[in-house]
Amino acid sequence: MLVAASVCPPTPLLVPAVSAGAAAELADLREACLRSVAGLAAAGPDRIVSVGSAEAAGSAGAWDRTAGGTLHGFGVDAAYGGASLVLPPALTIAAYLLDVAGWEGERRYVALARNASAGACEGVGAKLSGRADSVALLTMGDGSAKRGAASPGYLDPRAEPFDATVVAALAGPDPAALLGLDAGLAAELWSGGRAPWQALAGAALHVQRFGAQVSAEVRYDAAPFGVGYFVVDWVVRRA
């Protein structure tokens, strides 16, 4: 059963060795992520499951604690998680956050196809939340990469309203609004968070059916380098 969740961006820039000269500019984001993950551990789950988007067709899947990932593709000789370096980038950053936060308990990783339907994502979340043991979700998703002229995707006037809709849904929390996100628009805006957020929504709806209440706290909401990054905590209180 879901006991807590954290939403963090899967940007490699969270790793100081990758962000280099921009590390100081991202210090607040990194601190927010680590505090959020520490909150997951404090909730006392039997396991933490990290959920992110697959970076390429066919790369969706699930892995246990033996899995890890590398940042070689970003010019850094570093690896995180387990010894089997198979994780896609988003989940490699999840492994980094869990490692730095000192999580030594059970962990699992799930990658969703970027084009997975809302129903499929909801089903994954409900299945994770429906486990007999207690589960915390580390949900790796970023907003639009088109928030400014210097952003990776240049400026798109739809980007900021899209991100505002996402933050409002995460802050609600409003699982139905997350499930209603437009997959096509998210893809056009280069947002990698749509599928993981919808899995989180499915997990929340599952516990709400049993009378649990879910509350949220937004720790970070900004767009450094023109990319929407959000850090949000969800806490589950059972009936």
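How do strand S9 and strand S10 pair, and over how many bridges? Strand S9, residues 213-222, and strand S10, residues 229-237, pair in the antiparallel sense over 9 bridges. Strands pair here if DSSP finds at least two bridges between them.

Before going on, a word on the source. This is a predicted model, in which local features need pLDDT of at least 70 and side-chain atom pairs count only at pLDDT 80 or more, while totals for chains, interfaces and linings use all residues. Residues are numbered from 1 along each chain as its sequence is written, and side-chain values use heavy atoms, with hydrogens and water left out.

Now the whole chain. The protein chain has 8 helices and 10 strands; these are DSSP runs, H or I of at least four residues for helices and E of at least two for strands, numbered from the N terminus. Its radius of gyration is 16 Å, close to the 18 Å that the globule rule gives for 239 residues, so the chain is as compact as a globular protein of that length. That radius is taken over C-alpha atoms, and the rule is 2.2 Å times the number of residues to the power 0.38. Of the 239 residues, 54% are buried. Buried means under 20% relative accessible area, exposed means over 50%, and partly exposed lies in between, with a 1.4 Å probe and protein chains only.

Back to the hairpin. Tyr220 has Val231 in S10 as its bridge partner. There are 6 residues between the strands of this hairpin, and Phe225 takes a positive phi near 60° there.

Next, strand S4, residues 67-70. Gly68 has Leu85 in S6 as its bridge partner. With strand S5, residues 79-81, S4 pairs in the antiparallel sense over 3 bridges, and Gly69 stands opposite Tyr80 in S5.

Last, the loops. Most residues other than glycine have a negative phi, and most peptide bonds are trans. Which residues are joined by a cis peptide bond? Gly172 and Pro173 are, with omega about -15°. Pro173 lies in the loop between helix H5, 159-171, and helix H6, 175-179.

Tyr154, in the loop between strand S8, 135-140, and H5, has a positive phi near 65°. Tyr154 counts as exposed, at 53% relative accessibility. Trp190 also has a positive phi, of about 60°, and sits in the loop between helix H7, 183-188, and helix H8, 194-208. Trp190 is partly exposed, with a relative accessible area of 46%.
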